[in-house]
Amino acid sequence: MQTLINEHFPDRLLKVEERGSSIIFHAHNGVMLIVEAVTNHVLRFRYTAKGYFSPDFSYAMDEDHRSGFSYFKIEEKDNCYELKTPKVTCVVLKDSLKVSLYDSLGNLLNEDEKGFHWEEDSQRGDNIVKMSKRSLNGEHYFGLGDKASNLNMRDHRFQNWGTDEYGFAKDRDPLYRNIPFYYGLHKEGCYGIFFDNTYRTFFDFAKERKNVTSFWAEGGEINYYFIAGSSLMNVAQRYTRLTGKPEMPPKWSLGYHQCKWSYSSEKEVMEIATKLRDLKIPSDAIYLDIDYMDGFRCFTWNKENFPDPKGMVKKLKDMGFKTVAIIDPGIKIDMDYWVCKEGFEKDYFCKHADGPLYKGKVWPGDCYFPDFTNPEVREWWTGLFKGLIEDVGLAGVWNDMNEPAIMDVPTKTFPLDIRHDFDGNPCSHRKAHNVYGMQMSRATYEGVKKSAFPNRPFIITRSTYSGGQRYSSVWTGDNIASWEHLWVANVQTQRLSISGFSFVGTDIGGFTEHPTMELFVRWMQLAVFHPLMRNHSSGDHGEQEPWSFGDEATDLVREAIELRYKLLPYHYTNFYQYVKDGKPMIRPLSFFDDKDPQTWYRQDEFVFGDHLLVCPVLGPDRQGRRLYVPKGKWYHFFTNEMIEGGKEVFLETPMNQIPVLVKAGAIIPMGPVSQYVESESHDQELHVYQGFESVDSMLYDDPGDGYNHKQGFYINRNFSVLPTDEKYRITQHKEGRMPSPFGEFTMVYHGFEKAPSSVDVDGEAYDAKIEMSENSFKFPVPEDFKEITLRWG
């Protein structure tokens with residue numbers, strides 16, 4: 001973003017207005033700046049060079065949770081204004097409207113370099129709006145969603161413009177999702193910036209100029225939120241609260257999903273389902289790609305290959321499978337096709353600026369496209385799901401091609417003159433493109449939620465915008481069966497998780513081309529720790545079901561998926577923490593301990609939930625690998641070996657394992673292997689890993705579907721470990737009014753040299769019936785215990 005001759009800047013300050021929790025600065029040349037105290041930690045900045053602001057509207061913001069009472073204490077000085085909340089100080093210079101931001105201790109967090117400036121675009125009648133900030137010494141950057149590049153973004157440039165990139169390469173940009181939010185981290189502190197602008201946006205993290213970070217857009221306003229926090233995790237939670245959190249998903253959606261382009265007949269679908277059960281490979285969902293439709297017409301069935309959809313879905317349900325089907329935005333132009341006829345007659349399809357309906361080519365051929373930014377169109381789309389959900393019995397919907405993607409055109413998408421309603425703020429596709437997929441998944445979510453009631457909806461989408469996590473899970477798109485793409489998958493899921501989208505997964509094994517047996521197994525082992533675990537591939541490149549690589553691979557894949565099902569209580573609790581507190585489910589090491597500079601550069605390792613450290617095997621023929629273990633004590637999940645953190649270690653990686661470590665002091669809930677979620681036994685184990693300081697753990701459960709949990713029908717158990725030299729004490733505090741589905745926990749203790757000499761439960765001596773094994777011992781206790789105390793000596 002070099003300095004151009006027609007760049008313009010704010011003039012000196014003319015006047016200041018106070019308006020509630022906002023301060024409005026007016027410059028002599030008509031530039032206006034609004035600074036709003038959203039909360040004590042979150043400030044909003046809006047700039048305009050037009051002398052007025054456009055209507056204040058955002059698809060990203062969760063309006064139910066956006067507000068938090070705050071205010072500014074204002075002080076005028078000779079050359080600036082100081083605006084203070086209890087947690088953040090904002091300094092605005094009078095001569096330029098440049099901004100500096102400090103924490104409550106006076107540490108500089110962020111400051112403008114050129115600050116706000118703009119370039120006039122007379123052809124479009126809009127401005128290219130720009131913001132440049134100083135990159136502080138040693139500053140590092142994270143976020144921006146699914147960029148297929150290094151996790152630390154310093155010295156890189158990116159753009160957001162939802163793009164269908166089939167078989168995308170490492171470092172390819174832009175990709176499918178549009179998430180204009182990033183973190184800054186340096187020795188004085190950390191922060192987040194959410195640039196809520198839906199035009200094509202750009203971010204330069206000290207690439208063009210080494211001490212400058214910039215972001216800009218091809219229209220609209222510089223409208224950004226500055227989020228302060230004492231840690232990157234604090235910032236992540238505040239961003240997720242700002243843009244919204246999802247509801248609890250149906251528990252089955254955290255199981256294993258089987259998908260392919262394409263299972264093209266009922267016979268083939270039932271064969272896949274039967275083989276999964278025969279081979280005892282746990283699975284909860286089977287997907288139908290576009291070949292289930294009549295000529296790729298959405299909301300229809302190919303009656304030749306799927307003669308009895310309702311009967312097929314019922315048979316799958318009886319076997320423990322949920323059925324998920326794809327729905328694309330393109331509606332085939334055919335006036336004998338009821339969806340097309342309705343949409344045409346109601347004027348719901350996108351048009352060119354001068355009036356004609358837009359026609360684009362996708363799988364059905366020539367198609368019209370609903371304007372999902374029109375609330376009336378979204379309401380219509382919502383009603384279209386009644387047949388698929390209520391009548392046929394589908395449990396979820398998969399939205400694809402919604403960047404929107406168009407075939408056979410160089411731009412891969414709509415012409416920029418296409419008009420959109422934008423919820424009563426009419427605009428061109430330049431402004432609506434990046435939210436098109438989000439608004440489609442929003443309408444789909446509302447439709448499935450309405451028709452599936454009293455069950456919970458499940459949606460998966462390819463394209464979205466910030467805030468889209470309220471409606472849908474995401475997957476990373478059309479990846480490649482390669483070791484490089486396994487690395488990309490690991491980075492993308494971490495990046496999406498810290499960008500608000502924790503319900504994320506990848507096409508296991510790669511969508512295009514065909515993986516080796518080893519690559520497929522290693523990918524499956526990583527996917528155990530992705531919230532969305534879906535095996536999806538293009539059948540053009542060969543079979544990719546769990547049994548497609550021989551008996552040895554089948555056994556290894558089964559073992560990985562069984563571990564997933566054992567850990568479902570931990571997964572579901574992790575999701576609850578995401579829904580309740582906005583915590584990312586997948587956390588890069590820098591988000592686990594941002595005070596340790598060693599974590600700033602690590603990207604292979606991540607922490608899943610509060611207590612599990614995971615590091616995938618990212619290359620062939622690896623019998624071991626090095627990884628950085630964060631500070632503290634950890635236990636090897638498979639061997640119980642204690643490992644001292646704060647350094648790199650080498651761990652062996654036999655074909656049935658990737659490195660998984662457990663934080664000392666943690667309690668990891670685990671269940672038995674089940675073939676699908678609703679068949680799960682209610683026997684539960686609590687695995688206790690010896691710690692040397694107080695550590696908190698959690699176990700959340702509810703019925704797994706429906707909405708009774710919102711009326712308190714759940715159990716949330718909070719465990720605290722309180723170790724001393726003489727005893728090891730665990731306390732439990734329970735919340736919620738759901739009866740426990742089981743009467744006992746099996747307590748499994750790891751890392752203790754020997755069994756205790758006595759056990760007390762709730763202050764009374766307890767006959768523990770201890771069973772010993774190598775490096776561990778176990779015994780049952782009543783599930784409603786309040787305190788367990790082990791003593792030695």
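1. An open sheet of 6 strands runs in the order β42-β43-β44-β50-β46-β47, and its pairing is antiparallel. β42 (695-701) and β47 (764-765) are the edge strands. Each has a single partner strand, so one side of each lacks a neighbour in the sheet. Bear in mind that this is a predicted model.

2. Strand β46 (residues 758-761) pairs with β47 in the antiparallel sense, over 2 bridges. Val761 sits opposite Glu764 of β47.

3. α11 lies across β42 and β43 (715-723). Its direction is at about 100° to β42.

4. α11 also meets a helix. The axes of α10 (residues 551-566) and α11 (residues 568-581) come within 5 Å and cross at roughly 55°. The two helices are therefore oblique to each other. From α10, the contact uses Arg564, Tyr565 and Lys566; from α11, Leu568, Pro569 and His571. By class, that is 3 nonpolar, 1 polar and 2 charged residues.

5. α10 has another helix contact, with α9 (residues 517-527). Here the axes are 9 Å apart, at an angle of about 5°. An angle under 35 degrees counts as roughly parallel, so α9 is roughly parallel to α10. α9 contributes Met517, Phe520, Val521, Met524, Gln525 and Ala527. α10 contributes Glu552, Ala553, Leu556, Val557, Ala560, Ile561 and Arg564. These residues divide into 10 nonpolar, 1 polar and 2 charged.

6. Arg564 takes part in the contact with α11 and in the contact with α9.

Methods. Residues are numbered from 1 along each chain as its sequence is written. This is a predicted model: local features need pLDDT of at least 70, side-chain atom pairs count only at pLDDT 80 or more; totals for chains, interfaces and linings use all residues. Side-chain values use heavy atoms; hydrogens and water are left out. Axes are lines fitted to C-alpha atoms, for helices over the stretch in contact, and angles run from 0 to 180 degrees between N-to-C directions. Helices (H or I, at least four residues) and strands (E, at least two) are DSSP runs, numbered from the N terminus. Angles under 35 degrees count as roughly parallel, over 145 as roughly antiparallel, 65 to 115 as roughly perpendicular and the rest as oblique. Contact means heavy atoms within 4.5 Å. Ala, Val, Leu, Ile, Met, Phe, Trp, Tyr, Cys and Pro count as nonpolar, Asp, Glu, Lys and Arg as charged, and the others, Gly among them, as polar. Two strands pair if DSSP finds at least two bridges between them.
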